[in-house]
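Good morning, everyone. Please look at the chain on the screen for a moment, and then I will take you through a few of its parts.

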Amino acid sequence: MIKRVTQNWKLLLQSSPNMGFTLRLLASLTFSWVCFYLVLGMTEQEKGTIRNQVVEMFEHAYNNYMEHAYPADELMPLSCRGRVRGLEPSRGDVDDALGKFSLTLIDTLDTLVVLNKLDEFEDAVRKVILNVQFDNDIVVSVFETNIRVLGGLLGGHVMATMLKNHGNKMNWYKDELLYMARDVGYRLLPAFNTTSGLPYPRVNLKYGILSPLSRTGTESDTCTACAGTMILEFAALSRLTDESIFEEYARRAMDFLWDKRQRGSNLVGTVINIHNGDWIRRDSGVGAGIDSYYEYLLKAYILLGDDVYLERFNTHYTAIMKYISQPPLLLDVHMHNPTINARKWMDSLLAFFPGLQVLKGDLQPAIETHEMLYQVTQRHKFLPEAFTTDFAVHWAQHPLRPEFIESTYFLYKATKDPYYLHVGKSVVDSLNQHARVPCGFAAVQDVRTGNHEDRMDSFFLAEMFKYLYLLFAEDNELPFNVDDYVFTTEAHLLPLVLATVCQTCSKNITSVKLENKEDSVLSHMCPSAQTLFPNNPSYAQKIRETYRDIVLDASSQTSTEREKCMEPPQSKAFPSLQTKDFVANGLDHIEILKQMGFTVVSTNDGRIQLTHTPDQASSSQNGQKGLKFIAEIIELAQAQTRGEMTSFAVQIISPPFLGQVVLAAGPAHFGMDLSKQEHGVKGTLTKAIPYTACLDLANSDEVHGKIVLAQRGDCMFANKARNLQKVGAIGAVIIDNAEGSSSDSSPVFQMAGDGENASDITIPLLFLFHKEGTILLDALNENQNVDVLLIDKSKQLGQESRDVEKSTGEITIHIQIESVDTQIAQLELGISSQSCRGPELTEHLDEKTGRLEEAQSQEVVEQPPDAEQEEAEGYTSVSLNSKEEMDTSEEAKKDEL
């Protein structure tokens, strides 16, 4: 390599009129590349070691499924048994993927071939053929059944046919998997019986939609991705069976979605009415609810060769990059007013998008977003189900999703940058360290605590290990040329030759009139490293460098390695932290406080003491943020003293409880304000069907005039409220879906809206954690009628009136100035490090006495006249010459901040 570089130097010196400049430039580029390779390069032996590790991990997951779960749909890795729908407690819509058809085995078929597990593949195909049937009286998700079951059968058939043609394996195979796929296809077709052509979200495998026995067909809405992620599997089925009906139905759905795009922005919404095409949710992004619609537009062009799909994708992509892409972020906007962000958080499903941008050939934004996502994974060990724009956890679950490693694979495929091998290795390490359990790999219930959830979804085997293996495998180690196939959204492999095999499949002749048709050379080609990186192998590195410290607590190892070859990094831009958002046991928040100049000390009584020294802040700007944080603490304490904070409760008032059971509850930021209702809202309890209340209710008559229990998850809180209000519910109690959550150990949860105007919601909503919600569910199961009161806790039945001013909580603030020289301000906060989260309140029971503790509040008086001068000199001074304590009775309750 060095010899070849020297020869190139000589040629340039002979031909360049500005030899000095050319030599310096080439030397700089060469040094940069060599240094980059030495720091981040990975030898073939190292790649082989990780590749073998991936195979061992797959064997651990697959063998445990076969031993402990098969023929069940999924493995429960903590219980070491299979998950059979109807035998385990319902998880709501998540269970719609299960159909008693050995889901994980079908979903894993082509992964076995990719990993060269050919004997296991042959055995798995025999098991599927002999033991799996689809004539089951069960309601399943059309979307999930298509991508996992139909896609899995097609991928298995393609692999079996390939091996048979090679003459090494599967000589007995006679297209049995294809016939099974055809059976599944016809069982899904009744879902498309709508005026729009958009499919119902669910179908009964045995009775379809219209039969009285189907127990479905009442839904009116579906997500954009649910309707727009059918074309690859259905078109492949048509072309392999020479029955065009499947592709025609999928095309019709795609055409309708395209026709319903917002013409001004060329964006689509998230949820659409399947009968009239009205948009139910108008937020537009590239994550959950829309993601694979965009993916299938581009991949339909790649697989089928139909220019219409490419033109539509390019139109959408231009709009995405104009409105949604805010590098390196991808933020949802309102489709009708795309200059306004719909939310300030991102969900993990958008992690697929950099990989799609690679297929598009637009690598710079792909590299930027992927780098941001990688730093989020480094900060939280995994990619949280959702995270905020300052990269804090929004939804803490991680169900072992593969989208991030999918994009990592495509970026490495396009750039051959060894950096992405190290990214893949970090994913392997995290899975082994934090998700591996004796019976497989368990989803992470909370990335902050590392608690596990008893689930291992089929996509973990279908996608995660496939992309990980391909990332570290050499071409000659694969049983086929992967470039001859396109990956479905479930990573099943469909051959590109399908574009030429169907004689009855007509082209989509829908006209596409575009005012700003994209004519870029990259619009009709796959990415080429030679085109994109001419004479510049460190192209991706330079893009990443811009964003290397965008996320707080990103991995220091990679940053340290890169600093060996680069200039010292600039100061980190730490996100701001407001008092109302502060979580005392959140390590990321503690780190932010330290950057503001705070020293954090935990006391024996569960408090934390903050000492602020502006000079110790990481920058003068962060020092000012520390001063602002102090001011917010004081303002919060004063607001508490004035009684401005309200806590809520669900009180069971019917026999045999008679008001003795009071459950701490969290409010909603929309709907009826219970603090203004003197007597609260009283009603009889019932349970929503479906339990998540995200769809039209099947028991609407029973719900009318009652307070309804619904489970958190699958849709926004405001959507649940609207669905319940629409059928006459007078109130709602939302129960947390995180098993074991409790107000004893968590801050009271406040339910946010969906970014839209929620003034139409007039019923009250309260939130209960799982522990408190279980009490309510048990009461409902054991008693015929259960009446409850949704109320401001201070107004609950049986509460004695008090003449003294009510204290709603406790904040003890002590700010002490040691001296002018030390420039230190100390705050002693009455905050439990177990359950603190800003102004959200929760009831606290003294574990020693068994009694509710007395409440007290200390008021901080105004600053002395010279405080302004002291602040200008770089420290904070707040006088505590006067302290006021509020009298309370012995029964007064203490709420912790």
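Where is the place of L400? Before I answer, a word on the source: this is a predicted model, in which local features need pLDDT of at least 70 and side-chain atom pairs count only at pLDDT 80 or more, while totals for chains, interfaces and linings use all residues. Residues are numbered from 1 along each chain as its sequence is written, and side-chain values use heavy atoms, with hydrogens and water left out.

L400 sits in the loop between β15 and α15, where the labels stand for DSSP runs, numbered from the N terminus, with helices being H or I of at least four residues and strands being E of at least two. Phi of L400 is near 60°, a positive value in a residue other than glycine. With a relative accessibility of 0%, L400 counts as buried, a word that means under 20% relative accessible area, whereas exposed means over 50% and partly exposed lies in between, using a 1.4 Å probe and protein chains only.

K381 also has a positive phi, near 75°, and is likewise a residue other than glycine. K381 lies in the loop between α14 and β14, and with a relative accessible area of 44% K381 is partly exposed.

An open sheet of three strands runs in the order β13-β14-β15, with antiparallel pairing, where two strands pair if DSSP finds at least two bridges between them. The edge strands, each pairing on one side only, are β13 (345-347) and β15 (393-395), and the twist averages 30° from one strand to the next. Strand β14, residues 386-388, is joined to β15 by two bridges, and A386 has W395 as its bridge partner in β15.

How far apart are the axes of α14 and α15? Helix α14 (residues 363-380) and helix α15 (residues 403-415) pack with their axes 11 Å apart, at an angle of about 135°; axes here are lines fitted to C-alpha atoms, for helices over the stretch in contact, and angles run from 0 to 180 degrees between N-to-C directions. The two helices are therefore oblique to each other, since angles under 35 degrees count as roughly parallel, over 145 as roughly antiparallel, 65 to 115 as roughly perpendicular and the rest as oblique.

On the α14 side, the residues that meet α15 include L363, A366, I367 and H370, and among their counterparts in α15 are F404, S407 and L411, where contact means heavy atoms within 4.5 Å.

Which residues does L421 touch? L421 lies in helix α16 (residues 419-434) and is buried, with a relative accessible area of 2%. Leaving out residues up to four places away in sequence, L421 touches M42, K47, Y412, L471 and F472. L421 and G41 are 380 residues apart in sequence, yet 8.6 Å apart in space, C-alpha to C-alpha.

I will finish with two cis peptide bonds. One joins P327 and P328, with omega about 0°, and P328 lies in the loop between β9 (325-326) and β10 (329-330). Another runs from I689 to P690, with omega near 5°, and P690 lies in the loop between β26 (681-687) and α23 (700-703).
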